[in-house]
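Biologist: I would like to learn how to read this structure step by step. Can we take one feature at a time?

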Amino acid sequence: MNLKQLQQDAVPDKNGHILAATSGTLALSGNHGIHSKLSFDKLVHSSEATEYIGLLPNPCNYVTGNGLFLLSTDDPATYEVDVEADWTDGSITDDPSSDLSSGNSSLASVSGSLVTLHPSDGSSHSVGLSDMEVETSCDICSGDDFFANTSVTVPPCAIPNNFQQTSCSDQGSGDLHFTYSWGSSTGQLADLGVSHCTVGENVTYPGTANPFPWPSPPFPNDSSTNPTVIDLNATLGGLQDDHLLAPSTTFVKPYSASSFTATQFYRYKCACGANANTYVNLVGPLSITRSVSQNSNGSFKFTVTKSSCSATINPLP
Amino acid sequence: MRCAGVFFIVLLLAAWISPASRSDHVRWVEESLRSMQSIQPGMTRADLNKLFVAEGGIGSRTERVYVYRKCPYFKVRVEFEAPTSGAAQEQPADTIASISKPYLEWPVND
């Protein structure tokens, strides 16, 4: 019996009334009253879902519940929110949320199935996330609304701290090598990623020429990007820095005493806090001085010096 | 020397170079490009070091600019997978997570 068809065709009952309602109680009887034999297996419960009459050929598979899960992305501040649905046949499906909302969009903003955290102060915050999905809901295989909730923790705004030189060494061939380390104001380096922090350098050379040409002779016919600005992801808590001869390592004759000095700042930048999106100095100015000088025996040597550490080529070939 | 010539070709469109010489330079750049593009994510830092060398300036175990050994004006920015151990020291077995397209830039030597 197709109730939808009865409605659409305006089929009257024995009293001439047509079936107008989409819910309620329906009484059925045959032409011979109690002597009529009626049998049916299933009534379709809504006017929208009456394509099917009778029993399903196979047992219906439907969703009994769902939940939300956060998946990390390349951006440590952003998660993809997936909906996990549990089905009566034992299967589990995962799909990106299609209707996600945040309880506090200034701390956790939503775009599609992605939620991005925005640390704002020195405290962590819990933000509720809710989702509504239309899933297959019962043994009649119709759709229904399913709601799921979870929460996400927005960590405190973190900034790098305790920046310090951990080593310096002469690597040979005029390469002065340094290593540095730092921590996080929250104690968790990972929080620096959520706060979108970088640690980097700004090195300037004499004058405004870019590239800065090294005085040659006697230095190799090299040049340097002026200024040199490099930023690195802060979450690793360490970096290395090489002051070297490149691309050429060949000093040019005639040798004579000469030197030049670059000025270096180490600095950080984070997307939150009092200095949001602004470079903050960590160490500097530091002088990186390269010099060619004459030994007492008349030969020449090259020295690069920074922070009382140096690398030398002595004598120059 | 050849690298420097290539660099000026790319930057200045050196019209004064003879057609035959220009053709050689273009072919060399093509070969270099194929060579550089042979480095793919999933390969190791040791593989990278066969064709490239780390540039001066700062870098970390997970981020570093490398220059082509045959011409240091050709550069790529390489990201490595985060180490499972806390060591900040670069390791030959570090796995490349991503590598940029080659680009041209003046040297960085700090």
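Predicted model: local features only at pLDDT ≥ 70, side-chain atom pairs only at ≥ 80, totals over all residues.

Biologist: What holds strands of a sheet together in general?

Modeller: Strands of a sheet pair through backbone hydrogen bonds, either parallel or antiparallel. Now look at the partners here. A:Asp241 is opposite B:Ile58 in E2(B). A:Gln240 has B:Gly59 as its bridge partner in E2(B).

Biologist: Which strands make up the open sheet, and in what order?

Modeller: There are four strands, in the order E9(A)-E10(A)-E15(A)-E2(B), with antiparallel pairing. Strand E9 (160-170) of chain A and E2 of chain B are the edge strands, since each pairs on one side only. From one strand to the next, the twist averages 20°.

Biologist: How many residues of each chain are in contact?

Modeller: On chain A, 25 residues are in contact with 16 residues of chain B. Four strands of chain A each supply at least two residues to this side: E11 (198-204), E13 (223-224), E14 (228-233) and E15 (238-243). E15(A) gives the most, with six residues. By type, the side of chain A that touches chain B has twelve nonpolar, nine polar and four charged residues.

Biologist: What is chain B built from?

Modeller: Chain B has three helices and six strands. From the N terminus, they run α-α-α-β-β-β-β-β-β. Of the 110 residues in chain B, 27% are buried.

Biologist: Where is A:Ser307 found?

Modeller: A:Ser307 lies in the loop between strand E18 (300-306) and strand E19 (309-313) of chain A. Its phi is positive, about 50°, although it is not a glycine. A:Ser308 is in the loop between E18 and E19 of chain A. A:Ser308 also has a positive phi, about 65°.

Biologist: Is A:Ser308 buried or exposed?

Modeller: A:Ser308 counts as exposed because it has 6 C-beta neighbours inside 10 Å. A:Ser307 has 14 other C-beta atoms within 10 Å, so A:Ser307 is partly exposed.

Key:
Residues numbered from 1 in each chain as written. Chains lettered and ligands numbered in written order. Contact = placed C-beta atoms within 7 Å. Nonpolar A, V, L, I, M, F, W, Y, C, P; charged D, E, K, R; others polar. Pairing = 2+ DSSP bridges. Buried ≥ 20, exposed ≤ 12 C-beta atoms within 10 Å, placed from the backbone. Axes fitted to C-alpha atoms, helices over the stretch in contact; angles between N-to-C directions.
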